Amino acid sequence: MMKKFLSLLKTYCNIYFGISSMKYQYTREKKSLWKPVLTLAGVVVGIGSIIYLYCLMISGIFRGAQAIGHPEIVLTVAFLLCQLLSLIFGIFYIISVFYFSNDMGMLVPLPLRPGEVLGVKFITVLLSEYPVTLSLLLPAFILYGTTAGTGIWYWLKGIVLIVLAPVPPLVIASIFVVLLVRFVNIRRNKDMLMIIGSLLGVFLGLGINFVTQNIPEGNEAEYMEKLARSSTALVKSIGSRFPASIWATLGLSLPGLSGWGYFLLFVGFSLVLLAALWWLGDRFFYKGYLSGQEAKRKGKALSRQSMEKSIGTMSSPVSALFRREWKLFLRTPIYVMNSLVGVIILPFALLMPYLTQQGGLKQAMGYARNSQYGFIAALISLGIILFGSGMNMISCTSISREGRTFWFSRMIPVSPENQVLAKLLQSSVLSSVYLIVIAIPLAVLLHISPGRLLAIVILGTLVNILMNILGLIIDLLHPKLEWNDPQEAIKQNLNVMFSMLLSWLVIALFAVSAIALIQYGIPEAWIYLILGLLALLLIAPGLYGLFALARHRYRALEA
Amino acid sequence: MIEIKHLSKSYNKGSVKAVDDLNLNVRPGEIFGFLGPNGAGKTTTIKMMVGLLNPDSGTIRLAGFDTAENPLEAKRQTGYVPDNPDVYDRLTGIEYLNFLADVYEVPVKERCERISQLLDMFDLTDAVGDLIKSYSHGMKQKIVLTGALLHNPAVWILDEPMVGLDPKSSHLLKEYMRKHCDEGNTVFFSTHVLEVAEKLCDRIGIIKKGKLIAMGTMEELRHGDQADSLENIFLELTE
Ligand SMILES: Nc1ncnc2c1ncn2[C@@H]1O[C@H](COP(=O)(O)OP(=O)(O)OP(=O)(O)O)[C@@H](O)[C@H]1O
Ligand SMILES: [Mg+2]
């Protein structure tokens, strides 16, 4: 049985991570290697800088924790972060790998137990979590191990714990998902599951944000003490169901027998959870999968009238493409959730520290409402909003999202220019809606005058168009067209990260220009005008480049 | 109507020659059947004709338009049905058809007429308000056919169009192909069903390992041997 399981696991990982297909591409098709190398370099730089910031944070926490005599808090924080992130992101992966992948049609008829299939899928998810796990845990683990005078057993136990760290949250998420699919009636709408998963992730994220940000300012030691207390409080508040990170910490930091006790507790806990998942999988996995297979059908003929109404008007190809983009976007909940929720959450997350410190908020509001600083407040608001639209993945995945239907784009008699134009329009309308929806309440809150509001909305729209052009260029250069489940097109798409980094550059460019203009004492109206012209000046060659690239890439991307 | 000259295409930087110096001509009013063993290069040829793949060399003219020089005009003149279509399953059938009608710029009156005629023929009128996601394999095939024929293109290019259709739909499609050609248009289709090819096609081409090994009417392929069936000819030639 073990042999069968291992062979299934090997095949499955091969498919999931595309190992054979990669080999094929670079040995048989002899694709040039510069592209993956370049991508890798980009990833190293992008992720590397995030990890660097994280290491700075970890060493800060470590110093604070040392100051209050509990250096092991750094381990707790790392384990907690790792487990919570595994839980949040795990839910998405699990839903899509367990229930949405096309391979189920092939796996179900095979003579395998549901538990085995579930196990294989679980391990695949687990493996894809390790890069994150390692980057979160290793800095804290090494820092504590090298400074706190530990022995060989610390390192050995540590390796086991790091390997097991994502197991409890992922098992818990899996059990949750398997039971949800089995017992909640989502027959009618598979997409429901994605929405529930996303909302859960968002609430968890917000909760964590609230707890961790809800710390009054003070000296560093006090701050860390509070953080230590609040992370314990967080563990408690999520319930005694999730104390695994405390066990891991104690298992590593306590000497002698009690250390081993906690270590074994963690290991045992993980193994028990795995067994429970296996057991549940055998019972519920296929049943839930099979009940979620229906798509909604009305089955009633459209009346002649309603049919004539829906085909009775002619629109230009660009507008037809524009409407297709919207329909496909709005009808795929995972796209909507990702573009809207992420984008709306962000400003609040940024503002959270101020909102939760009553004094700080009042002070900031006071400054902003002071007519003297109104202009600055307007520009900073615009910056925050743009930062949010920069995280929007609509433009930088708009080719990728076509996936296997990309052949339409090559077949239809519409020029590549018009096709990308429709995509640019769609993403720009979306970012403008977002801009207005956020800017108006902000303006009311900060007493920004209508004139200023209008100015930042226009300026913001221009910058959004520029960022969307760049996003489209990135996606055209390197679209991810091979996917089975829509969420792969956005969650496993590196273009999202590249376009985010690029949009930060754009924002930085405009911020620096704005600061320079203010320093030179240019009047406000002129500053809007100059920044607007700067945006237009960049949009023009951007559009030209986009169209030229579209002509080239729509030919090169064979379907 | 279809003019292919010295068409070649290889995959994997030349290691697999899928289509090798192919030449053929299909005249107006002709149904052309494209036969060949699995992996012979039929789908590759068809994909180059409709612009999904770029030829390594050679030219293709459809209804007088060169696909490399005037791709948009050539595309307007063609209707294409792939062998295994991936469609927008989050659109309803009618939205899909309307999208294509807009993209091919079909006037309102004509689109209403043709859509209801084709939907009636394929018995899809009841399903057209549902998401394509909920369609069966054959229904998907039929909605793609409907979409491809909507703008009344002069050249139909169909990759194994009968696969997955029920006997009645397949019969109606064959009649429709005949009628289309009798109006002076052209149908080019690939198939593995030799009886269909034998009965329906005016001319037949057989491709093997990327090379056209035989082409002509049934009479010409038989070389005067009246008793020989297309099956025997095919088996002999592709030996
Ligand atoms: N995407 C691809 N990458 C590499 N080789 C390919 C690809 N598509 C087709 N081939 C190769 O090109 C050759 C011709 O394939 P093609 O799909 O045109 O055959 P076909 O005549 O349509 O076969 P079938 O009757 O099975 O549909 C085959 O040798 C095949 O292996
Ligand atoms: Mg084929």
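How many residue pairs are in polar contact between chain A and chain B? In this predicted model, the count is 13 residue pairs, both residues of each pair being at pLDDT 80 or more.

## Where the two chains meet

On the side of chain A that touches chain B, the elements giving two or more residues are α13 (304–311), α14 (317–330), α18 (406–411) and α23 (524–556) of chain A. Of these, α14(A) provides the largest share, with seven residues. Altogether, chain A brings 49 residues to the contact and chain B brings 51 residues. About 4,500 Å² is buried between chain A and chain B, and 57% of that area is on carbon and sulfur atoms.

A:Lys327 is partly exposed, with a relative accessible area of 26%, whereas B:Glu95 counts as buried at 19% relative accessibility.

## A threonine beside chain B

A:Thr405 is worth a visit. This residue lies in the loop between α17 (374–390) and α18 of chain A. Is A:Thr405 buried or exposed? With a relative accessible area of 10%, A:Thr405 is buried.

The side chain of A:Thr405 reaches the backbone oxygen of A:Glu402 at 2.5 Å. Setting aside neighbours within four places in sequence, A:Thr405 is in contact with B:Asp86, B:Val87 and B:Tyr88. B:Tyr88 also belongs to an aromatic cluster, together with A:Trp407, A:Phe408, B:Tyr80, B:Tyr96 and B:Phe99.

## Inside chain A

Chain A has 23 helices and zero strands. Of its 559 residues, 49% are buried. Among contacts in chain A between residues at least 6 apart in sequence, 84% join residues at least 24 apart.

## Rings and charges

Over all chains, the count of aromatic pairs comes to 21. One of these pairs is edge-to-face: A:Trp153 and A:Trp260 are 5.4 Å apart centre to centre, with 70° between the planes. It links distant parts of the chain, with A:Trp153 in helix α7 (residues 152–164) and A:Trp260 in helix α12 (residues 256–291) of chain A, 107 residues apart. A:Trp260 counts as partly exposed, at 31% relative accessibility.

Elsewhere, the charged end of A:Arg401 sits over the ring of A:Tyr335, 5.5 Å from its centre.

## Salt bridges, far and local

Side chains of opposite charge can pair when their charged atoms come close. The structure holds 23 salt bridges over all chains. In one of them, A:Asp282 pairs with A:Arg113, and the closest N and O atoms are 2.2 Å apart. Here A:Asp282, in helix α12, is linked to A:Arg113, in the loop between α5 (104–107) and α6 (114–147) of chain A, 169 residues away. A:Arg113 is partly exposed, with a relative accessible area of 39%.

B:Asp182 and B:Arg178 form another salt bridge, with 3.6 Å between the closest N and O atoms. Both residues lie in helix α6 (residues 167–182) of chain B, four residues apart, about one turn of the helix. B:Asp182 counts as exposed at 57% relative accessibility, while B:Arg178 is partly exposed at 26%. Salt bridges that share partners also join A:Arg324, A:Glu325, A:Glu402 and A:Lys423 into one network.

Methods:
Residues are numbered from 1 along each chain as its sequence is written. Chains are lettered from A and ligands numbered from 1 in the order in which they are written. Side-chain values use heavy atoms; hydrogens and water are left out. Rings of Phe, Tyr and Trp (its six-membered ring) pair if their centres lie within 6.5 Å; planes under 30 degrees apart count as stacked, over 60 as edge-to-face and the rest as tilted. Buried means under 20% relative accessible area, exposed over 50%, partly exposed in between (1.4 Å probe, protein chains only). A charge sits over a ring if NZ of Lys or CZ of Arg is within 6 Å of the ring centre and within 35 degrees of the ring normal. Contact means heavy atoms within 4.5 Å. Buried area is the accessible area (1.4 Å probe) that two parts lose on being put together, summed over both. A polar contact is a pair of N or O atoms within 3.5 Å; within protein, one must be able to donate a hydrogen and the other to accept it, and residues adjacent in sequence count only if both atoms are side-chain atoms. A salt bridge is a side-chain nitrogen of Lys or Arg within 4 Å of a carboxyl oxygen of Asp or Glu.
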